[in-house]
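Hello,

Here is the structure for your set-up work. My notes follow below it.

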Amino acid sequence: YYFSIEFLLGRLLNTNLINLDMKEICKAGAKILGGCCGTNPEYIKAVKEAVTKVESTESEIDKYISSERNYLNISDINYCCIDAGADEDIVQELEDDEYDTIYDLLDDMEDEEQNAVLLRVTGSDDELGTLKTVLTEITGYATYPIIFETENEDVLEYALKNYCGRAAVKFNDADNKALYDISYKYGACII
């Protein structure tokens with residue numbers, strides 16, 4: 001939904017109209033609602049009352065992942081895998097504080113028609129440290145959305161909490177409820 005400033009300002013402070021607007025926005029799939037300048041506790045209370053019993057449906061936005069600057073429908077994913085836990089070249093370069101292999105993979109993505117990065121850190125001696133380093137390098141160098149693959153709950157929590165965008169998550173242990181809960185908590189798309 002896109003609204004003009006004049007439209008929003010006229011409706012923002014009218015709590016009778018909040019019920020109608022917020023219900024429609026929730027039905028369209030909004031997961032987080034709030035206010036900005038000009039709102040007050042009465043406004044927030046009206047928003048809460050308006051949406052308490054509204055059931056949202058899956059919206060088109062649920063089918064997208066994003067980086068800070070790009071977005072991608074999950075049905076169109078063709079990813080480049082950066083295996084920072086098992087790829088010997090990457091592991092060695094990380095030990096030497098070098099990232100040439102990662103940069104080469106990122107540079108080749110356009111030629112390979114790849115549009116997302118699968119970042120795998122499973123198998124690394126220090127999965128969290130590896131994730132922090134590689135995530136910083138990827139997001140500082142490229143603009144592709146990221147898919148995180150890990151079975152480590154702490155690593156996944158850190159990744160989703162610190163990633164600027166909506167990530168996708170891929171994990172092999174379908175019975176690990178904690179991974180699902182963390183993914184849901186941060187709004188990640190599970191693929």
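This is a predicted model: local features need pLDDT of at least 70, side-chain atom pairs count only at pLDDT 80 or more; totals for chains, interfaces and linings use all residues.

On one side of helix H3 (residues 41–51), Pro41, Glu42, Lys45, Lys48 and Glu49 are exposed, meaning over 50% relative accessible area with a 1.4 Å probe, protein chains only. Tyr43, Ala46, Val47, Ala50 and Val51 of H3 are buried (under 20% by that definition).

Residues are numbered from 1 along each chain as its sequence is written, and side-chain values use heavy atoms, without hydrogens and water. Helices (H or I, at least four residues) and strands (E, at least two) are DSSP runs, numbered from the N terminus.

Now the sheet. It is open, with five strands in the order E3-E4-E5-E6-E7 and parallel pairing (pairing needs at least two DSSP bridges between two strands). E3 and E7 (189–190) stand at the edges with a single partner strand each, so one side of each has no neighbour in the sheet.

Strand E4 (residues 116–120) has four of its five residues buried, so the rest of the structure largely encloses it. E4 pairs with E3 (residues 79–83) over five bridges. There, Cys81 partners Leu118, and Ile82 partners Leu119. E4 also pairs with E5 (residues 146–149), over four bridges. Arg120 has Glu149 as its bridge partner in E5.

Best wishes
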